[in-house]
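I opened my notebook to look up a few things in this structure.

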Amino acid sequence: MTASYEPGRRELYWLDRWQEWDLYRTEQDPTRPKYYCLEMFPYPSGDFHMGHARNYTIGDVLARFHRMNGYNVLHPMGYDAFGLPAENAAILRGMHPARWTWQNIEKLRYWFRRMGYSYDWEREIATCHPDYYRWTQWMFLFLHHRGLTYRARAPVNWCPQCATVLANEQVVQGGCWRCHTPVVRKELEQWFFRITAYADRLLDDLKLLDGWPERVKVMQANWIGRSEGAELRFRVEELGEDITVFTTRQDTVFGATFLVLAPEHPLVKRLAAGKPGESRVLEFIAEAARHRGEPEDGAAERPKRGLFLESYCRNPATGEDIPIWVADYVLMEYGTGAVMGVPAHDQRDFEFARQYGLPVRVVVQPPGGGLDADTMTAAYDGPGVMVNSGPFDGTPNEEGKARVTAWGQERGWARPAVQYRLRDWLVSRQRYWGAPIPIVYCERCGIVPVPEEQLPVLLPEVVDFSPRGMSPLATAPEFINTTCPTCGEPARRETDTMDTFVCSSWYYMRYVSPRYTAGPFQKEAAFYWLPVDQYTGGIEHAILHLLYSRFFTKVLYDAGLVPEPEPFRRLLTQGMVLKDGAAMSKSRGNVVEPAPIVEKYGADTARVFELFAAPPEKEIDWSDRGVEGVYRFLMRVWRLAEVRPGLFRQVPGHPEAADAAAREVRRLVHRTIKKVTEDVRDRFMLNTAVAALMEMVNGLYAYVGEDRTGGDPAVVAEALHVLVRLLAPFAPFITEEMWQLLGGEGSVHRQSWPAYDPGLVAAEQVTVVVQVDGRVRHRFQAPVDATREELEAEALAAPRVRQFLDGREVARVVTVPGKLVSIATRPAAS
């Protein structure tokens with residue numbers, strides 16, 4: 001032990017001691033309340049920098065806080081090691097993805113330890129390890145046996161740069177979520193998870209998530225996109241088939257003057273076949289597929305492109321034959337890929353109709369009427385009365401929706417329907433670095449799942465894994481060629497790998513029993529630890545990872561394998577760390593490396609700076625001056641202890657403050673306990689918790705003096721005993737050093753969180769307001785426990801109040817102890 005504090009050296013010392021003491025190892029303990037604290041695990045695809053640290057630091061504070069509050073805390077760490085980020089980074093550097101990934105895991109593990117994060121390293125996992133992806137494959141088969149997987153040929157989102165398929169959720173503003181290359185449409189045979197089977201529950205159960213940010217719940221609700229309406233059938237006589245349209249505006253069917261199909265709709269090519277415009281239609285389909293990758297921003301303002309298919313269908317309400325078009329503003333992903341064109345009451349349809357000279361018919365008049373199809377400059381989509389609608393003329397259009405549906409249902413062309421924006425989860429990837437899909441194809445038996453006892457299907461050491469539009473596993477005959485598990489005949493393996501989001505949709509379950517070999521997790525451990533009590537990560541995962549995790553949990557809950565239908569009780573989405581106004585990125589050259597910061601100022605300084613700079617959910621801008629300011633604060637804290645070695649062993653633990661200064665310090669200490677406790681536990685306001693600690697330190701210096709030797713030793717001992725424990729979750733190294741120097745027993749991180757004395761938290765004096773006839777006339781200080789009679793007497797005796805009572809009688813006095821004396825008067829009797 002030394003009286004001076006050198007962060008770089010002493011932090012390494014404490015890392016070794018904590019490892020020797022096995023300080024953060026966790027076991028099940030039914031006698032204590034559990035607290036499962038988890039940060040979203042990282043992609044090991046690059047170097048750790050200070051932009052990454054904030055997420056893990058926030059989670060570590062919460063874990064340490066709850067551990068000191070008596071909870072049995074599970075705080076694990078692992079690596080989302082499969083997938084495009086790691087594979088692309090490895091290809092860029094000309095090395096095998098496995099080598100690149102494990103190298104980066106070593107670096108991440110070093111920095112997680114160096115930053116003092118209190119992880120139970122016995123529970124560490126990596127999704128690319130066969131002991132893990134064996135159970136990812138088990139999850140695929142589990143879903144398969146429950147009817148929640150299927151293989152289908154379908155138009156998919158294709159990233160030309162990454163040479164792989166993307167799920168709808170992985171297309172951001174028309175581009176790839178990883179490389180931002182514009183996405184195109186391509187038709188492939190793919191594996192899907194039937195997430196739409198859980199659409200209603202995923203939507204309805206958002207109400208269970210009281211601990212989630214409202215913004216995230218709204219994003220998920222909008223992505224699921226539940227719409228109630230009707231399916232209407234438009235007859236195509238030349239095919240002898242119906243085109244089914246989903247609409248939420250069935251009240252406007254009498255105004256449908258054309259029908260539009262998405263370019264990918266299977267009827268487009270059939271309707272164009274053999275007609276003069278067939279070649280133009282095929283060119284249009286190809287062109288539309290290329291433009292599918294354009295950003296959505298501004299899509300509403302772009303001209304709608306379309307072609308008449310030289311075919312007609314029958315409007316089931318009017319009996320009229322209306323033209324069928326193909327247009328790029330209709331999406332196959334929503335509804336049925338077919339839209340009835342009602343230009344008078346839908347803006348997109350209106351613009352398309354005006355552009356191509358199609359008829360406009362008003363079928364809903366607003367209150368007061370006045371809509372004229374010939375002079376309209378925009379569609380009217382508000383409420384009104386139905387017109388030009390046969391038997392429904394005069395009906396309020398909202399009422400008309402149900403009536404039109406029922407009328408059409410009686411005639412065989414309508415039925416009530418619910419549609420979702422959510423589409424089934426496409427999980428096939430034409431890349432190497434992923435969990436192989438555990439399926440084989442047999443000419444005799446067809447699609448055959450790999451038996452559980454044959455898992456894992458190991459990823460082979462493929463040499464050429466560069467993206468080429470087909471899976472690199474297809475070039476490995478030793479992997480492809482196998483035997484059918486059912487009949488024993490030659491068969492071939494599926495060569496696509498799984499989307500990395502499959503791996504991360506259940507990883508939080510594996511942590512509860514990471515070395516369990518009889519299943520993905522031990523049920524007893526799952527029922528003890530799950531669900532996660534606190535989850536911390538970026539808002540960018542609001543739809544992808546969080547929605548998929550909710551789906552997995554619900555499936556497993558239905559099977560009785562997990563205790564609750566939601567995976568995460570509370571969610572905190574932390575803001576990004578910026579440098580020079582932009583997110584830290586090597587490509588921008590604005591990354592702050594941790595090594596220089598930690599070597600010069602210590603990990604505690606880096607931690608406290610990122611916690612103090614802003615509320616957790618807000619962005620912060622990295623500031624070297626801010627870092628230096630936090631370092632000065634921590635050294636100021638240290639200096640309070642360095643002059644009092646062994647203090648805790650020398651003075652009693654419960655001081656009796658005799659003078660006013662000592663009493664004020666004790667009140668400051670106990671108010672700080674209350675403030676920090678509530679800021680961390682209830683509000684996640686870690687920045688204001690740090691600010692309160694800074695105020696407490698300033699108050700202590702005012703009491704003991706700049707030489708730090710003044711004050712009642714017992715009062716100072718209590719203050720430092722509290723300060724070190726309150727600061728410990730934020731700055732674990734320096735507080736451990738101070739605890740030992742001051743004579744504390746054991747580790748500070750195994751101490752109980754301090755409790756405040758309510759009597760010391762309450763102010764001794766309060767300000768009481770005096771009103772006379774409703775107007776404030778006076779204020780005075782009174783003891784916090786003053787009685788009504790004492791307050792009333794004080795108010796009535798005050799010279800300023802007596803001035804306003806002159807010549808009047810007191811009619812009534814209302815007193816609110818600690819706050820207010822209200823005096824009502826009347827003219828004095830003559």
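**Entry 1: a strand pair.** I am working with a predicted model. I began with strand β21, residues 439–442, and strand β24, residues 490–493. I found them paired in the antiparallel sense, over 2 bridges. I then looked up Val440, and its bridge partner in β24 is Arg493. A reminder to myself: strands of a sheet pair through backbone hydrogen bonds, either parallel or antiparallel.

**Entry 2: the whole sheet.** Where does this pair sit? I traced an open sheet of 4 strands in the order β22-β21-β24-β23, with antiparallel pairing. I noted β22 (446–449) and β23 (481–483) as the edge strands, since each pairs on one side only. Neighbouring strands of this sheet are turned by 40 degrees against each other on average, direction ignored.

**Entry 3: Tyr441.** Is Tyr441 buried or exposed? I read a relative accessible area of 9%. The cut-off for buried is under 20%, so Tyr441 counts as buried. Next I listed what Tyr441 touches, leaving out residues up to four places away in sequence. The list holds Arg151, Trp191, Gly446, Ile447, Ala491, Arg492, Arg493 and Glu494. I looked again at Trp191: a polar contact of 3.0 Å joins its side chain to that of Tyr441. I also checked Val171, 270 residues from Tyr441 along the chain. Their C-alpha atoms are separated by 30 Å.

**Entry 4: domains.** I wrote down the division of the chain: domain 1 (34–141 + 503–583), domain 2 (142–194 + 424–500), domain 3 (227–419), domain 4 (643–761) and domain 5 (765–827). I looked up one distance, and the C-alpha centres of domain 3 and domain 4 lie 70 Å apart.

**Entry 5: two helices.** I moved on to helix α21 (residues 660–683) and helix α22 (residues 686–704). Their axes come within 9 Å and cross at roughly 170 degrees. Angles over 145 degrees count as roughly antiparallel, so that is how α21 runs against α22. I noted residues that meet across the pair, including Val665, Leu668 and Val669 in α21, and Ala692, Leu693 and Met696 in α22.

**Entry 6: an enclosed helix.** How many residues of helix α24 (residues 732–742) are buried? I found 10 of the 11, so α24 is largely enclosed by the rest of the structure. Among the buried ones I noted Phe733, Ile734, Met738, Trp739 and Leu742.

Notes:
Residues are numbered from 1 along each chain as its sequence is written. This is a predicted model: local features need pLDDT of at least 70, side-chain atom pairs count only at pLDDT 80 or more; totals for chains, interfaces and linings use all residues. Side-chain values use heavy atoms; hydrogens and water are left out. Two strands pair if DSSP finds at least two bridges between them. Axes are lines fitted to C-alpha atoms, for helices over the stretch in contact, and angles run from 0 to 180 degrees between N-to-C directions. Domain bounds come from an automatic or database domain assignment. Buried means under 20% relative accessible area, exposed over 50%, partly exposed in between (1.4 Å probe, protein chains only). Contact means heavy atoms within 4.5 Å. A polar contact is a pair of N or O atoms within 3.5 Å; within protein, one must be able to donate a hydrogen and the other to accept it, and residues adjacent in sequence count only if both atoms are side-chain atoms. Angles under 35 degrees count as roughly parallel, over 145 as roughly antiparallel, 65 to 115 as roughly perpendicular and the rest as oblique.
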